[in-house]
Amino acid sequence: MRKVEVYPYNKKWTQMFREEAEKLQIIFGNEIVDIHHIGSTSVPGLKAKPIIDIMPVVRDINTVDKFNIVMQEFGYEPKGENGIPKRRYFQKGGDNRTHHVHIYQTGSYEIKRHLAFRDYLALHTDEMKKYGELKEKLAQQFPNNIESYINGKHDLVKEIERKSLNWYEEHQKLNR
């Protein structure tokens with residue numbers, strides 16, 4: 001059973017991302033166009049479950065499946081799309097997860113959604129603290145129920161996502 005635990009931000013998460021990103025770069029080579037640290041561990045100061053979310057961006061999502069065996073050799077469990085079309089998802093660590101890898105093809109809307117959410121929280125500390133406190137409260141309330149933890153975050157995540165995408169669009173217009 002997966003235990004839900006939320007911890008204060010840890011600077012080691014950035015190094016853990018870099019180390020794993022290097023492994024993924026070796027595995028996928030030229031297939032990877034870019035690779036991003038996403039999720040709560042990527043936002044300095046945000047409380048998080050200590051699972052590193054990594055988002056490689058590839059030229060062609062259909063080539064990813066041919067790397068499933070190598071990913072297994074590196075400790076990853078291939079999960080296919082896992083509920084999100086045109087994504088390839090891998091998890092590492094079983095019930096004691098350490099890493100999630102979300103692979104998208106260049107141009108996917110999901111890339112913008114993840115980066116906007118991350119960057120918005122990093123710059124809007126009141127929203128970040130509100131989100132972190134909710135996560136901590138839910139982890140205490142549902143330590144053995146990941147579904148209830150996720151459901152409890154849903155409304156705030158959608159609200160922040162909406163704000164972050166609006167902010168991201170405005171930010172993009174200003175930088176053109």
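A few ground rules come first: the model is predicted, so local features are taken only at pLDDT of at least 70 and side-chain atom pairs only at pLDDT 80 or more, while totals for chains, interfaces and linings use all residues. Residues are numbered from 1 along each chain as its sequence is written, and side-chain values rest on heavy atoms, with hydrogens and water left out.

With β4 (residues 87-92), the arrangement is antiparallel and has six bridges. Within that pairing, F90 faces V101 and Y89 has H102 as its bridge partner. β4 and β5 make up a hairpin with six residues between them, and G93 in the turn has a positive phi of about 105 degrees.

β4 also pairs with β3 (residues 76-78), again in the antiparallel sense, through three bridges. There, P78 stands opposite F90, the β4 residue that is also opposite V101 in β5.

How much of β5 is buried? Taking buried as under 20% relative accessible area, exposed as over 50% and partly exposed as anything in between (1.4 Å probe, protein chains only), six of the seven β5 residues are buried, so the strand is largely enclosed by the rest of the structure. For β4, six of six residues are buried. Both of its faces are covered, with R87, Y89 and Q91 buried on one side and R88, F90 and K92 buried on the other.

Most residues other than glycine have a negative phi. N82, in that loop, has a positive phi of about 50 degrees even though it is not a glycine, and K86, also in the β3–β4 loop, has one of about 65 degrees, again without being a glycine. Are these two residues buried or exposed? N82 is partly exposed, with a relative accessible area of 41%, whereas K86 counts as exposed because its relative accessibility is 61%.

Next come the nonpolar cores, each a set of buried Ala, Val, Leu, Ile, Met, Phe, Trp, Tyr and Cys residues joined through side-chain atoms within 4.5 Å. In soluble globular proteins, nonpolar side chains tend to be buried together. The largest core has 20 residues, and L24, F28 and I103 touch the most other members. Counting contacts as heavy atoms within 4.5 Å and setting aside neighbours within four places in sequence, L24 meets G29, I32, I35, I54, P56, M71 and V101. There is also a second, separate core of 17 residues, with L134, A139, I146 and I160 among them.

T63 is in the loop between β2 and α2 (68-73). This residue counts as buried because its relative accessibility is 17%. Its side chain makes a polar contact of 3.0 Å with the side chain of E31 and also reaches the backbone oxygen of D60 at 2.8 Å. (A polar contact is a pair of N or O atoms within 3.5 Å; within protein, one must be able to donate a hydrogen and the other to accept it, and residues adjacent in sequence count only if both atoms are side-chain atoms.)

Finally, the largest pocket. A pocket is an open set of points on a 1 Å grid over the protein atoms alone, where a 1.4 Å probe fits, with protein on both sides within 12 Å along at least five of seven lines; lining residues have an atom within 4 Å of a point. Of the 35 residues lining the largest pocket, D53, H102, H114, Y131 and K153 lie nearest its centre. Two or more lining residues come from each of β4, β5, α3 (109-123), α4 (125-141) and α5 (146-174), and α5 gives the largest share, eight.

Key:
Helices (H or I, at least four residues) and strands (E, at least two) are DSSP runs, numbered from the N terminus. Two strands pair if DSSP finds at least two bridges between them.
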